[in-house]
Amino acid sequence: MTESPRRLRVSVLDDYQDVVRTLDCFGELEGHDVTIWNDFVSDVDVLAERLADADVLVLLRERTKVDEALLSRLPNLKLISQSGQIPHIDLDACTRHGVIVSSALTARPSYPTVELTWGLILAAMRDIPFESAALREGRWQSTVGLGLRGRTLGIHGFGRIGSMVAQVGVAFGMELLVWGRQGSLDRAREAGFRVAESRQALFEQSDVLSLHLRLNEATTGLIGPDDLALMKPTALLVNTSRAELIRPGALVEALRAGRPGKAAVDVFEHEPLTDADDPLLRLPNALCTPHIGFVERDNYEFFYGNAFDQIMAFAQGEPINVHNPDVLS
């Protein structure tokens with residue numbers, strides 16, 4: 001028998017742009033007590049104080065870590081709701097504390113990330129941000145960019161996003177070169193794309209090299225100084241995936257050395273990055289954006305819509321997308 005909906009105290013974390021209350025899906029939370037936090041906080045003491053009364057936490061992606069240190073200080077917490085993978089949540093600790101973790105894992109690719117990847121490629125290859133800024137300062141045609149047609153697009157990791165980036169590359173008339181695990185190579189061949197002779201060849205031959213690997217134990221620090229040193233001085237490295245794929249400091253040193261000649265990145269080892277003196281941000285050959293690949297209104301409707309659906313199901317006594325089912329018993 002379905003329970004009558006319960007009035008819940010819901011805390012939404014890390015809504016940097018204060019956008020959640022403007023989404024269509026936000027109407028699902030009508031009748032519940034909702035608090036929205038717009039800043040990022042990692043200090044456990046501050047989080048514990050803010051969230052002491054919360055029944056439900058709504059997280060976006062992997063911005064806030066939830067572990068024993070925090071859970072032990074949230075006696076009222078009953079549900080964590082979000083969309084996507086949950087490496088930042090300690091499931092065992094949640095189960096011990098009786099907290100349900102609901103997170104929808106869907107097959108929907110992050111189309112906005114693909115779009116941003118190409119925005120970065122075009123902007124970096126044609127020096128668009130620099131030329132726009134120069135024009136506002138009274139200067140006309142300061143640089144000579146590089147076009148894409150006929151150049152080689154390297155894709156490191158041929159999954160859902162990597163395959164879509166590759167398709168756009170074909171539309172631009174680029175030559176495709178793919179590398180990754182065996183699954184990536186098999187999918188690339190099936191799609192009719194050329195597979196690199198070796199990982200070394202991928203770095204040596206790519207004019208634009210875009211990373212689309214999942215971050216795990218095997219891929220953390222996978223790309224080091226020796227790999228980057230193989231790249232052309234005219235090449236562009238693009239990373240809209242995870243900063244930790246590249247060993248700490250390796251990209252900054254490579255860009256200073258001129259191989260690759262440029263980088264365009266949307267991800268950083270420590271986020272949010274608010275230090276304007278960060279070495280990467282100070283480099284003229286690095287185009288950097290603040291992890292906005294998935295930050296797009298339709299994407300937010302999808303992500304938060306899933307999270308709010310899960311809250312409604314919990315309120316009805318029928319939780320869905322539960323990652324720690326032992327807690328139910």
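Two strands count as paired if DSSP finds at least two bridges between them. Helices (H or I, at least four residues) and strands (E, at least two) are DSSP runs, numbered from the N terminus. This is a predicted model, where local features need pLDDT of at least 70, side-chain atom pairs count only at pLDDT 80 or more, and totals for chains, interfaces and linings use all residues. Residues are numbered from 1 along each chain as its sequence is written, and side-chain values use heavy atoms, with hydrogens and water left out.

**Exercise 1. Work out the order of the sheet that holds S7 and S11, and find its edges.**

Step 1: Look at the ends. Strand S7 (175-179) and strand S11 (286-288) each have a single partner strand, so one side of each has no neighbour in the sheet.

Step 2: On average, neighbouring strands here are turned by 15 degrees against each other, direction ignored. (Axes are lines fitted to C-alpha atoms, for helices over the stretch in contact, and angles run from 0 to 180 degrees between N-to-C directions.)

Step 3: Zoom in on the pairs. S6 and S7 share 5 bridges in the parallel sense, with leucine 153 opposite leucine 176 in S7. Strand S10 (residues 262-265) pairs with S11 over 3 bridges, also parallel, and alanine 263 has alanine 286 of S11 as its bridge partner.

Step 4: Is S7 enclosed or open? 4 of its 5 residues are buried, so S7 is largely enclosed by the rest of the structure. (Buried means under 20% relative accessible area, exposed over 50%, partly exposed in between, with a 1.4 Å probe and protein chains only.)

**Exercise 2. Describe the surroundings of histidine 212.**

Step 1: Histidine 212 is in the loop between strand S8 (208-211) and helix H9 (225-229).

Step 2: Buried or exposed? With a relative accessible area of 12%, histidine 212 is buried.

Step 3: Find its side-chain partner. A polar contact of 2.7 Å joins its side chain to that of serine 210. (A polar contact is a pair of N or O atoms within 3.5 Å; within protein, one must be able to donate a hydrogen and the other to accept it, and residues adjacent in sequence count only if both atoms are side-chain atoms.)

Step 4: List some neighbours. Not counting residues up to four places away in sequence, histidine 212 touches residues including Thr117, His156, Val165 and Ser241.

**Exercise 3. Find the centre of the largest nonpolar core, and see what leucine 280 touches.**

Step 1: A nonpolar core is a set of buried Ala, Val, Leu, Ile, Met, Phe, Trp, Tyr and Cys residues joined through side-chain atoms within 4.5 Å.

Step 2: The largest one has 53 residues, and Val208, Leu228, Leu251 and Leu280 touch the most other members. Helix H4 (residues 111-125) gives the most to this core, with 8 residues.

Step 3: Leaving out residues up to four places away in sequence, the contacts of leucine 280 include Leu251, Phe268 and Cys288.

Step 4: Now take helix H10 (residues 250-257), where Ala250, Leu251, Val252, Ala254 and Leu255 are buried. The buried residues of H10 pack against H9, strand S9 (236-239), S10 and S11.

Definitions and conventions. Contact means heavy atoms within 4.5 Å.
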